[in-house]
Amino acid sequence: MTTLRIHNTLTQKTEDFAPIDPGHVRMYVCGPTVYDFAHLGNARPVVVFDILFRLLSRLYPKVTYVRNVTDVDDKIIAAAKEKGESIGDLTQRTYAQYKADMGALGALDPTVEPKATQHIGDMIAIIQVLMEKGNAYEAEGHVLFHVPSMPDYGMLSKRSRDDMVMGARVEVAPYKRDPADFVLWKPSTDEQPGWESPWGRGRPGWHIECSAMSAKHLGIPFDIHGGGIDLVFPHHENEIAQTRCSCGSDSMSRFFMHNGHLGVEGQKMSKSLGNFITVHQLLDEGIPGEALRYYLMTAHYSQPFDFTREGLTQARAALDKLYIALRGVDANAGADIPDRLLNALCDDLNTPKALAELHKLAKEANKSGTVENKSRLLAAGRFMGLFATAPEEWLRGTAEADGLSDADIEKMITERLEAKAEKNFVRADAIRKELTDAGLILEDNPTGTTWRRK
RNA sequence: GGCGCGGUGGCGGAGUGGUGACGCAGAGGUCUGCAAAACCUCGUACACCGGUUCAAUUCCGGUCCGCGCCUCCA
């Protein structure tokens with residue numbers, strides 16, 4: 001097996017990965033702000049880092065995967081108000097939905113899913129340290145991080161403070177000493193959620209929770225910090241600033257990994273364009289979460305992903321093909337995960353290459369028909385979070401479109417087999433046609449007739 | 001304007017300094033009562049222009065086109 005190589009946003013190079021503590025890999029990934037259904041753009045990092053989590057767990061004795069839940073945020077406040085729901089109800093409900101949807105995508109639970117509201121004290125403590133060290137200041141009830149206090153600010157996104165100030169599209173708040181300064185703590189009105197702090201009742205800024213929760217649950221520095229590419233700036237850049245200045249550490253995380261953006265039918269996904277697609281809505285359409293997972297894995301994580309209906313159809317067909325190759329597999333047989341699959345994933349999570357290996361394994365299984373080869377395919381696919389369903393169950397699908405129950409179908413097949421035995425092919429073909437028209441595919445083989453839904 | 005990414009066959013999408021991954025779709029064949037599935041075969045793909053090289057889709061430079069980020073969006 002080759003070593004794991006990961007593209008590091010910090011160095012913009014693909015590097016050999018080695019954990020700081022050889023016995024314990026520590027990874028932090030930015031999770032959801034729980035105010036609405038998870039959309040496809042949210043689903044991508046979940047699948048990407050789930051693959052990484054599985055791979056690391058295979059390579060190292062212990063992995064701690066932290067994915068935070070942002071449950072205090074101005075978008076949440078706005079959504080709760082709009083829906084006439086309490087913030088607590090909204091965030092709890094949304095989080096439960098998120099877990100269900102991501103579970104449908106075959107994502108394992110992270111080791112820890114800390115909530116921002118449960119770490120307010122940790123955040124306040126960090127802000128106090130930043131104040132003491134002269135990296136932060138109070139102004140009009142806000143506490144701000146003073147960017148010029150950190151000489152090498154911008155190391156992740158490779159931009160100078162001047163670049164940012166010049167490119168600023170938003171009006172700079174008058175109380176900022178420097179246009180690039182960002183909020184650590186802000187005041188809350190009576191209606192807004194707030195916590196007592198040395199600077200009065202207020203709530204945390206966006207970035208501070210990740211600095212607090214990663215330090216608490218992983219320790220600084222840790223191994224891998226992940227998220228969408230849009231988080232490079234300002235979110236991760238600011239996290240780095242807060243963490244390094246408060247901890248006095250050279251780095252927050254050894255590696256930073258970022259997944260590419262997801263668009264829909266060639267366009268940016270946005271509410272204003274009306275092409276906002278949630279995972280929940282696709283599941284509701286009857287699209288299996290596993291098919292979505294497979295589709296998301298067909299492109300390398302670092303590349304932009306264009307979600308299309310055509311692409312989803314292709315992915316489902318490809319996945320069906322794998323399931324056909326698995327027919328008759330013994331789920332309990334057990335087999336080693338082939339090295340070539342692990343090698344593909346060790347190459348900076350090359351999931352398209354790994355899926356290609358799956359298809360090669362399927363071809364081998366089809367050619368040989370042996371239990372061993374089927375088992376290898378099963379083990380390989382399961383490692384990637386696929387094949388959660390038994391092959392026959394997957395292929396038969398659910399009785400919806402055709403309105404025929406499994407028993408109805410079996411009865412017609414039996415009737416057709418009788419017709420065949422009597423060489424009454426006209427009758428046999430009539431039954432086949434009836435079932436084909438209902439969206440079913442019959443497959444005659446030496447031992448009988450199997451069927452599946454299109 | 002700054003930073004970054006990309007342009008591969010009908011479609012999706014890896015990859016490589018010199019034998020055209022893999023999947024979807026399509027064509028032919030084997031098999032089959034007919035089918036389906038499977039298997040076999042079939043594609044003169046690497047935006048454009050220069051340069052380096054024995055050899056470039058792969059390296060370098062330029063051009064064109066597309067995309068992301070630039071203060072709270074994964």
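Visitor: Which side chain does Glu443 meet in a salt bridge?
Guide: This is a predicted model, where local features need pLDDT of at least 70, side-chain atom pairs count only at pLDDT 80 or more, and totals for chains, interfaces and linings use all residues. A salt bridge here is a side-chain nitrogen of Lys or Arg within 4 Å of a carboxyl oxygen of Asp or Glu. For Glu443 the N to O distance is 2.5 Å, and the partner is Arg327.

Visitor: What are the bounds of domain 3 in chain A?
Guide: Residues are numbered from 1 along each chain as its sequence is written, chains are lettered from A and ligands numbered from 1 in the order in which they are written, and side-chain values use heavy atoms, with hydrogens and water left out. Domain bounds come from an automatic or database domain assignment. Domain 1 covers 5-259 and domain 2 covers 281-395, while domain 3 covers 397-453.

Visitor: How much area do domain 2 and domain 3 bury between them?
Guide: Contact means heavy atoms within 4.5 Å. The contact takes six residues from domain 2 and six from domain 3. Buried area is the accessible area (1.4 Å probe) that two parts lose on being put together, summed over both. Of that area, 34% is on carbon and sulfur atoms, and the total is about 450 Å².

Visitor: Which residues in domain 2 lose the most area to domain 3?
Guide: Three residues together account for 71% of what the domain 2 side buries. They are Ile324, Arg327 and Leu395.

Visitor: How many aromatic pairs does a search of the whole structure find?
Guide: Rings of Phe, Tyr and Trp (its six-membered ring) pair if their centres lie within 6.5 Å; planes under 30 degrees apart count as stacked, over 60 as edge-to-face and the rest as tilted. The search finds ten.

Visitor: Why is the pair of Phe53 and Tyr65 called tilted?
Guide: The ring centres are 4.9 Å apart. The planes stand at 55°, so the pair is tilted.

Visitor: Is Tyr65 buried or exposed?
Guide: Buried means under 20% relative accessible area, exposed over 50%, partly exposed in between (1.4 Å probe, protein chains only). Tyr65 has a relative accessible area of 1%, so Tyr65 is buried.

Visitor: What is the geometry of the aromatic pair of Tyr323 and Phe387?
Guide: Tyr323 is buried, at 0% relative accessible area. Phe387 is buried too, at 0%. Their rings lie 5.3 Å centre to centre with 70° between the planes, and the pair is edge-to-face.
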